[in-house]
Amino acid sequence: MGTTKWQARTRRDLIIEVWETLDCESVGASELERIQEALREKFGAGALETPASIARTVADEGAVLRHPEVFECDLKWREKNLAQSIFKEAMDFSDLSSAFAVMVKLEEKRLQLKTKNEPEGLKNLRDIVVAARTESQLRARSRIIDEDQREQSKEISEWLRVWLQAPELFSDWLDLRRRSPEFRKKFPED
């Protein structure tokens, strides 16, 4: 499904187009996941619909739903996304000490997901870090906040860049970075 060029221009139309392409009499978890995959590919992660919402859309078009599967799929999706949103909200990159604590949690989460062999979870974690880096870069360029906060935001952005490029090396790199004379001179209170 990853190479299909979908014609739909709206999420609703894409849901129906994918469902019709699947050519199935009934819709359950696997079909809902494939429709979500197509939504993510075409419109990005922000355009995802809940499995229940997708099921409602295809049911309105005449699909027969395998209700227990739809319910279970929706429940798992919501639990996963709730855990991610709670994790995302707990990420405080406002200063170096808070950012360091978050980086420790990020690394723990990455190792946990890697150990459990959850590539989708790793991708979602990476997306969260990309968004945090973008926000950090914006803070670093802001004229509204003071110079010290801008410098900290630049440093945090660099930490996130290294984590994105080489997460396996990140912990050692961060330890060396925080011990460096340049860092100690720039951020003596950290």
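Predicted model: local features only at pLDDT ≥ 70, side-chain atom pairs only at ≥ 80, totals over all residues.
Figure 1. Setting aside neighbours within four places in sequence, M103 is in contact with F93, W159, L160, W163, F170 and L174. M103 belongs to the largest nonpolar core, which comprises 22 residues. The residues with the most contacts inside this core are F93, M103, L106, W159 and L160. Two or more residues are contributed to the core by each of α5 (96–115), α6 (119–141), α7 (147–165) and α8 (167–179). In soluble globular proteins, nonpolar side chains tend to be buried together.

Figure 2. Helix α5 consists of 20 residues. The distance from its first C-alpha to its last is 28 Å, close to the 28 Å expected at 1.5 Å a residue. Within α5, the buried residues include L96, S98, A99, V102 and M103; L106, E107, R110 and L113 are buried in this helix as well. Just after α5, N117 adopts a positive phi of about 55 degrees.

**Figure 3. Helix α6 and its buried residues.** Helix α6 contains 23 residues and reaches 33 Å from its first C-alpha to its last. This span is close to the 33 Å expected at 1.5 Å a residue. Buried residues of α6 include G121, N124, L125 and I128, and V129, A132, S136 and A140 are also buried.

Figure 4. Helix α2 (residues 29–43) has 15 residues. From its first C-alpha to its last, α2 reaches 21 Å, close to the 21 Å expected at 1.5 Å a residue. Its buried residues are A29, E31, L32, I35, Q36, A38 and L39. Just after α2, G44 has a positive phi of about 95 degrees.

**Figure 5. The contact of helices α1 and α3.** Two packed helices are described by the angle between their axes and the distance between the axes. The axes of α1 (residues 11–22) and α3 (residues 51–60) come within 10 Å and cross at roughly 70 degrees. Because angles of 65 to 115 degrees count as roughly perpendicular, α1 is roughly perpendicular to α3. Helix α1 contributes R12, I15, I16 and W19 to the contact, while α3 contributes I54, T57 and V58. The residues of this contact comprise five nonpolar, one polar and one charged.

Methods:
Residues numbered from 1 in each chain as written. Heavy atoms only, no water. Axes fitted to C-alpha atoms, helices over the stretch in contact; angles between N-to-C directions. Helix = DSSP H or I, 4+ residues; strand = E, 2+ residues; numbered from the N terminus. Parallel < 35°, antiparallel > 145°, perpendicular 65-115°, else oblique. Contact = heavy atoms within 4.5 Å. Nonpolar A, V, L, I, M, F, W, Y, C, P; charged D, E, K, R; others polar. Core = buried A, V, L, I, M, F, W, Y, C linked by side-chain atoms within 4.5 Å. Buried < 20%, exposed > 50% of the residue type's maximum accessible area, 1.4 Å probe, protein only. Expected span 1.5 Å × (residues − 1).
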